[in-house]
Amino acid sequence: MARIATLFGSLGFWLALLGALGILLSPIGYRLGLWDAGFALRKILTMATIAAVAALVLCVLALLLAKIGGVRLGTGRIIFGLALSALLAGYVLLQLNKVKSLPYIHDITTDTANPPTFVALADARKAAPNGLEYKGAEIADKQKQAYPDITPLVSKLPPNELFAKAEAIARASDWEIATADAAQGRIEATQTTLLYGFKDDVVIRITTKDGGSQLDMRSMSRVGQSDVGVNAKRIREFIAKLNA
């Protein structure tokens, strides 16, 4: 019993470390260009998650066997492996659950009938896996079901004042501004995610509306079929800052 408990505990500890290493290497390798997003997420992250889950099971079994058999083990490494594997597996599985609960779309806009178009960032978008064009009804219906609150902002401010306010918020954000054209009422920018360095592009369009103005916004990921709700969140937060 003691040998089995010790073996399980040791394996669990090293598998937890292996899982942690895989979760670290997944984004690092992508940023260094060693592998693409698909390999980073579907292969490395999947294997790291399996290792973390296996470590969690082995560490729990080691502690149970030690307790049942009345065996004294050096539990420091086992408890460390248990805590680390639970943290890693829990985080990844939470993200996977979020992916499954949200539609597989990566292009969100306040105007699904006539979305703002990318001009300054058109070439960058054409070169990206997700392209430039809006997919129309194919994603519009999915967006409306998942994010019914993503709608245009109608303001009493004249277009030039709303533009100035929107530009100030955009420049205060961690965005790389590609253009801020007041005459056309258009702002284009790119935001790079912290962990993997994925790039999402934003275009803001401001037009005259009923004596005031209307702001429409579009946020689109360059890679990945699912954005895990990031683009909708970005639009919500931006409009909330404008309203504030």
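Student: Are Trp 175 and Phe 238 buried or exposed?

Tutor: Buried means under 20% relative accessible area, exposed over 50%, partly exposed in between (1.4 Å probe, protein chains only). Trp 175 and Phe 238 are both buried. This is a predicted model: local features need pLDDT of at least 70, side-chain atom pairs count only at pLDDT 80 or more, and totals for chains, interfaces and linings use all residues. Residues are numbered from 1 along each chain as its sequence is written, and side-chain values use heavy atoms, without hydrogens and water.

Student: How many aromatic pairs does a search of the whole structure find?

Tutor: A pair of aromatic rings is described by the distance of the centres and the angle of the planes. Rings of Phe, Tyr and Trp (its six-membered ring) pair if their centres lie within 6.5 Å; planes under 30 degrees apart count as stacked, over 60 as edge-to-face and the rest as tilted. The search finds seven pairs. In one of them, Phe 13 and Trp 14, the centres are 5.1 Å apart and the planes at 75 degrees, so this pair is edge-to-face. Trp 175 and Phe 238 are stacked, at 5.4 Å centre to centre with 15 degrees between the planes.

Student: Which residues touch the most other members of the largest nonpolar core?

Tutor: A nonpolar core is a set of buried Ala, Val, Leu, Ile, Met, Phe, Trp, Tyr and Cys residues joined through side-chain atoms within 4.5 Å. Of its 26 residues here, Trp 175, Ile 204, Leu 215, Met 217, Phe 238 and Leu 242 do. Another core lies apart from it, with 15 residues, including Ala 37 and Leu 88.
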